Amino acid sequence: MAELDVGKHCRIESCHQKDFLPFVCEACSGVFCLEHRSRGSHSCPELPAAKGVSASGSSTSYACSVPHCAGRELLPVVCPHCEKHFCLAHRHQDDHQCEKLEAPKPRMAATKELVKKIVDSKAALPPSAGRKGAKNSATAAKVALMKLKLHAAGDKGLPQTERTYFQVFLPKGSNQSSLPMFFCSKWSVGKVVDFAASQANLKNANNVLTAKKLRLCHPHTGEALKMDDALLSWLSHPERPLHNGGNVILEYLENDCAQLPDTSAYLSQS
């Protein structure tokens, strides 16, 4: 008996998921999966332009620079690399395919000094000490991973092969000291921060230039990971890797701050 061809593929080229109960957009008549059914998620060409109203009563808003995206924001969300306006959904470099994504970025003096201190401290250790510490961290993370998988919160739609689990230590003053979570290993650090903030109900003003930034920090060095870095690159870092099943720290930092002064103050709360 011939198989029935049931369902249709999502029109979004990067998705193309076959949905047995596809959604048809009332505006553009396109066929989409559950994830892209809303007009905003598939950048519907028929989506009406949104307008904001300033305190003086005049209409003002900032259009997203991504082609075919109708998103607009009441406040400017500017990429610091290409200096273009974007909506919140496209503010990260990998989301708007930033033309300067691969360009080398200038490092702050504090970051250079931090890297130098880390390299010097590694050089001062006996050859076996660094390897032993990394091995112990990896072993502890494997044991913790089994426990985290039982309680961690995250996107249940993520494939098991792409899930990375962390015990996330929350900013000082939070109601809870830490929460178990899992993230997609293909996400950028910026996406990990946004998702963790939503899971823990943390204030996230990373799109406000003058506000303190919520940053993801290394549990041992206190280094604030760069938002554009891929999480996968830190899981395979040759010197200071993050471990699946290990710890990470979330904290609010000033714009010119590149590391936490003391990570033990967080980890001791566990």
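Reply: This is a predicted model. Let us begin with burial: W187 has a relative accessible area of 17%, and because buried means under 20%, W187 is buried. F195, at 18% relative accessibility, counts as buried too.

Me: How many aromatic pairs does a search of the whole structure find?

Reply: The search finds four aromatic pairs. One of them joins F166 and F183, whose ring centres are 6.2 Å apart. Planes under 30 degrees apart count as stacked and those over 60 as edge-to-face, the rest being tilted. The planes of F166 and F183 stand at 40 degrees, so this pair is tilted.

Me: Which parts of the chain does the pair of F166 and F183 link?

Reply: The pair links distant parts of the chain, with F166 in strand 7 (residues 163-169) and F183 in strand 8 (residues 178-184), 17 residues apart. Both F166 and F183 are buried.

Me: In which sense do strand 7 and strand 8 pair?

Reply: Strand 7 and strand 8 pair in the antiparallel sense, over seven bridges. V168, for example, has L179 in strand 8 as its bridge partner. Strand 8 is mostly covered, with seven of its seven residues buried.

Me: What is the geometry of the aromatic pair formed by W187 and F195?

Reply: W187 and F195 form a tilted pair, 5.3 Å centre to centre with 55 degrees between the planes. Together, F166, F183, W187 and F195 form one aromatic cluster.

Me: Which residue lies over the face of F23?

Reply: R37 lies over that face, at 5.8 Å from the ring centre of F23.

Definitions and conventions. Residues numbered from 1 in each chain as written. Predicted model: local features only at pLDDT ≥ 70, side-chain atom pairs only at ≥ 80, totals over all residues. Heavy atoms only, no water. Phe/Tyr/Trp six-rings, centres within 6.5 Å; stacked < 30°, edge-to-face > 60°. Helix = DSSP H or I, 4+ residues; strand = E, 2+ residues; numbered from the N terminus. Buried < 20%, exposed > 50% of the residue type's maximum accessible area, 1.4 Å probe, protein only. Lys NZ or Arg CZ within 6 Å of the ring centre and 35° of its normal. Pairing = 2+ DSSP bridges.
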